[in-house]
Each structure stands twice: as C-alpha cells, then as structure tokens.
Amino acid sequence: MMSSVDPMAIRQGDRLALAKALTAIENGTPESQIIQEALFPYTGNAHLVGITGASGTGKSTLVNKLALALRGSKKGSLKKIAVIAVDPSSPFSGGALLGDRIRMQDLVGEEGIFIRSMASRGAMGGLAHNTAAFATVLDGAGYDPILIETVGAGQTEVEIAQLAHTVIVVEAPGLGDDIQAIKAGILEIADILVVNKADKPGAENTVRSLQAMLALAKGENSLLAAGKHMRQQLTSKMRSPEKISKGWAVPVLSTVATEGKGTAQLVQMINKHRAYLASSGLWQVKENERLRRDLEVIIHDLLVDQWERQVDPDQLEMVVSEVIQRKYPPVKAAESLLSIKS
Amino acid sequence: MTEKKIRVLIAKPGLDGHDRGAKVIARALRDAGMEVIYTGLRQTPEMIAEAALQEDVDVVGLSILSGAHNALVPSVVDKLHGFGMDNVKVFVGGIIPKEDIQILKEKGVHAVYGPGTDTRDVIEDIRQAVKT
C-alpha cells in the first residue's frame with residue numbers, strides 16, 4: 001500500500017500514479033509534499049469550475065453531461081477533464097458514503113475523463129480540507145477544465161468561491177420562495193445560475209425570482225432584465241465598489257440535465273466566463289488571492305500542528321480542569337498556554 | 001484531519017437490479033468509519049476496475065445475485081491486475097453456491113459472504129485484510 005508515486009509518471013498520464021498521489025495528499029503523508037513540489041511548476045493553467053447548490057438539485061447529473069460536452073467528441077482533439085466530487089463525512093463515525101458516481105456512469109471509461117470522489121472529513125465549507133491540493137495535482141497532470149462538485153450546500157457553504165474561477169450555482173424549482181433568493185449566501189457567489197429540472201412545474205417562477213434577485217443585488221450590468229430608467233435610477237445609488245464588476249452579468253440558464261437540455265448553452269457560458277476572466281485580468285487576481293490564502297491556511301495548520309506536538313499534555317489537562325472549575329475563562333487559559341510555550 | 005481511511009468501492013456487476021444488500025453493506029461500512037464509494041447498478045467489469053483505479057480504493061466489494069459470478073468476478077480481478085492494482089482486496093457478497101466459493105477464492109477473491117452474514121464480520125475482515 002505504501003508504493004511510492006513518481007510525479008513525472010503523473011505528468012506522462014499514468015492514472016494509477018495520479019490516483020495514488022491524490023490518496024497521499026488526502027492522508028497527508030510526507031510523500032504528498034514531494035508530489036506537490038514536483039508538479040507545482042506545471043500548474044496554474046486549469047480552469048476550475050465549481051458546481052454547488054442544495055442536495056437533490058441535480059448537480060451530479062449536470063456534471064455528468066458537462067464533462068462529456070467540455071471534453072468534446074472529435075477524435076484527436078479530446079480535452080482532459082477531471083471531476084472532483086465532494087460528499088459529506090459522517091460527524092459520528094467519520095465514514096462517508098460517496099454516491100456522486102451513480103449519476104456519472106456515462107463518464108466511466110470515457111477517454112480523458114478522470115473522476116475522484118472525496119469525503120469532506122469534517123470540513124464545513126462545502127469542500128474537503130484538501131480539495132484545493134487535489135485541484136493542483138490534477139492541474140499539474142494536465143486536466144483542464146476541472147469540475148469541482150461541492151457537498152449539497154445550503155446557504156453558507158461558500159468556500160468554493162475562493163477556489164474556483166467560475167462558480168455555477170444550481171437551483172431547482174420548488175425549494176423556496178423569492179425571499180430565499182435575496183438572502184445572503186450561496187446565490188451571491190454565482191457567476192452562472194442554473195435552474196435545473198426546468199421541466200418541473202414552477203421552474204419559470206424560480207427563474208424569475210432569481211432574475212429579480214440579481215436585479216436587486218448587483219450593479220448596472222445585471223439590470224438588463226429591468227427597464228432602462230429604473231436601471232439608471234438604481235445604479236446611481238448602488239455603486240458599492242466590488243459589485244461593479246464591469247462586463248459580467250450573471251446569467252440565469254435553464255437545464256434539464258437528465259435529458260441534456262440546456263447543457264450546450266451552459267458549456268458556452270462557462271467558456272465565455274473563462275474568456276471574460278482572462279480579458280479583464282480577473283483570472284490573475286483570483287489566482288493571486290487563492291495562492292495567498294492557500295499559504296495562510298497552511299501556515300495556520302502548521303502552527304497548530306507544531307503547538308500540539310510541543311504542548312505538555314499534563315499542563316494542558318491542568319489548565320482545562322481549572323477552566324472547568326471556572327477559575328478563569330478559556331480565552332485567558334489559551335493566552336497563558338501559548339505564551340508559556342512560544 | 002489527515003488520517004488514513006479505508007476506501008471501499010461497492011459495485012453491482014451484471015444485470016440484476018436488487019441492490020438492497022449492497023446498500024446495507026455500504027451503510028454498515030460507512031458507520032464503521034470507512035469511505036464507501038457506491039457506483040450503482042449494472043456495471044461492467046471494465047467500469048468497476050476503472051472506478052477502483054480512479055478512486056484508489058483498498059477494497060472492492062461486489063454484490064451479485066444473478067448467478068453470473070463465475071464469469072463476472074474473475075473478469076473484475078483480472079482487470080484490476082491489468083491496471084497494476086495487485087493490493088486491492090476483492091470481496092463478494094450474494095447468492096453464491098458453496099462449490100463456487102472455492103473457485104472464486106482461487107481466482108483471487110479474499111472472501112465470499114452469503115445471506116445472513118453479520119455486517120460486523122465483514123467490517124472486521126476488511127480491517128484485517130487491509131492491514132496486511
């Protein structure tokens with residue numbers, strides 16, 4: 001089981017080496033660092049596309065269709081597409097049932113498509129702790145684009161926005177009223193909104209409330225749905241700097257993923273967004289922010305690891321029991337523990 | 001946060017559509033702290049081996065009720081070997097006649113389970129098998 005992974009084999013398309021590398025990263029083995037170091041110079045090319053939304057909206061089915069469409073079907077010009085599918089780990093047993101592949105059976109054995117299921121392992125933001133590292137390795141292996149499907153996300157699982165270049169939020173009819181649409185959270189991170197299951201009753205209402213939400217929330221570019229005068233009135237008052245991302249109006253698309261309806265338009269839109277990111281310079285901005293944050297997260301983890309290895313367990317227990325006896329609050333205890341050891 | 005988890009692929013090769021047993025096992029293994037990838041019904045041996053490769057699993061569990069085990073199971077085992085996945089342990093569950101169990105084991109199957117198997121036995125066997 002401890003066979004070593006040759007990073008250059010991954011570059012050359014050895015899929016078992018790639019699969020083993022992902023396992024090493026997931027388990028945080030010393031080897032994982034060597035792999036990432038070797039592949040890092042080759043990364044930064046892949047378009048990371050996040051697919052998020054509530055459970056049961058059809059994310060996996062949509063990914064199934066998207067992956068095939070993005071790869072293309074012309075022999076000789078097939079792209080290499082990777083899918084990272086994250087499902088939740090049980091908070092009780094630590095185990096997980098990863099079922100996204102059930103909806104992706106069309107992709108198994110398709111040339112150029114690599115799917116990896118990933119358990120969230122206690123991470124809360126809709127991704128796993130190592131999803132970013134997975135994307136880096138797949139990027140280094142030449143996969144582009146990389147589709148990242150989050151766990152069934154509610155309102156606050158927005159970590160995907162920090163990782164992906166393009167975020168697709170998938171909605172389905174009948175999941176909430178128009179007030180849900182103007183709440184903060186997951187809808188705010190969408191670059192593309194998709195109403196899947198558009199053959200179900202109520203789909204038009206869902207599309208309308210999403211469009212209305214966009215008209216309320218964003219600057220002039222998203223107000224295409226509203227009248228011209230209203231647009232001028234609103235935009236004069238709504239110039240919050242970040243909202244005015246010139247040139248990209250979040251579109252609302254309808255799909256029926258089971259039948260492949262609307263997926264061609266969605267693929268077009270994904271490619272359009274990529275072109276927009278590149279021409280506006282936002283691609284680079286996102287990359288820079290992501291790498292900075294990756295670094296910060298790793299520093300944070302390493303410091304905690306380091307401290308856990310240093311701390312005297314007896315002393316820690318003593319302090320805990322004193323907190324339990326309410327001699328002083330946890331914040332004071334933490335400060336004293338850290339300053340003793342730093 | 002970063003610890004080794006046992007990864008298991010549960011698959012149903014062939015054409016029978018009864019996956020209650022597969023789901024019960026998948027659930028039990030999940031509750032035992034394993035990461036279980038369930039691929040659904042009607043898988044070919046190629047699909048199963050391919051999924052096992054991409055997911056880099058430690059164990060493949062095959063659920064078969066159709067009677068086609070002597071054809072399907074060795075094919076899965078061969079394809080796993082073909083991919084260089086010699087360490088993967090293959091378990092089979094379902095309706096397997098006694099005389100076939102030995103045949104499957106000779107083909108490289110680690111263990112075979114019939115109806116009424118206690119899931120705790122399966123969990124323990126998997127833990128032992130992966131350890132070695």
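Strand β3(A) and strand β2 (residues 35–38) of chain B pair in the parallel sense over three bridges, where strands count as paired if DSSP finds at least two bridges between them. Helices (H or I, at least four residues) and strands (E, at least two) are DSSP runs, numbered from the N terminus. Opposite Leu97(A) stands Val36(B) in β2(B). This is a predicted model, in which local features need pLDDT of at least 70 and side-chain atom pairs count only at pLDDT 80 or more, while totals for chains, interfaces and linings use all residues. Residues are numbered from 1 along each chain as its sequence is written, and chains are lettered from A and ligands numbered from 1 in the order in which they are written.

The open sheet has six strands, in the order β3(A)-β2(B)-β1(B)-β3(B)-β4(B)-β5(B), with parallel pairing. Its edge strands are β3 of chain A and β5 (111–113) of chain B, each of which pairs on one side only. From one strand to the next the twist averages 20 degrees. Strand β4 (residues 89–94) of chain B pairs with β5(B) in the parallel sense, over three bridges; there Val92(B) stands opposite Val112(B).

## The contact between chains A and B

Chain A gives 30 residues to the contact and chain B gives 30 residues; two residues are in contact if their C-beta atoms, placed from the backbone, lie within 7 Å. On the side of chain A that touches chain B, α2 (15–26), β3 (96–98) and β4 (113–119) of chain A each supply at least two residues. α2(A) gives the most to that side, with six residues.

By class, the side of chain A that touches chain B has twelve nonpolar, 13 polar and five charged residues. Ala, Val, Leu, Ile, Met, Phe, Trp, Tyr, Cys and Pro count as nonpolar, Asp, Glu, Lys and Arg as charged, and the others, Gly among them, as polar.

## Chain B as a whole

Chain B holds five helices and five strands. From the N terminus on, its elements run β-α-β-α-β-α-β-α-β-α.

The C-alpha trace of chain B spans about 40 × 35 × 25 Å along its principal axes.

## Helix crossing in chain B

The axes of helix α2 (residues 45–55) of chain B and helix α3 (residues 69–82) of chain B come within 9 Å and cross at roughly 40 degrees. Axes are lines fitted to C-alpha atoms, for helices over the stretch in contact, and angles run from 0 to 180 degrees between N-to-C directions. α2(B) and α3(B) are therefore oblique to each other: angles under 35 degrees count as roughly parallel, over 145 as roughly antiparallel, 65 to 115 as roughly perpendicular and the rest as oblique.

On α2(B) the contact is made by Pro45(B), Glu46(B), Ile48(B), Ala49(B) and Ala52(B), and on α3(B) by Leu72(B), Ser75(B), Val76(B), Lys79(B) and Leu80(B). These divide into seven nonpolar, one polar and two charged residues.
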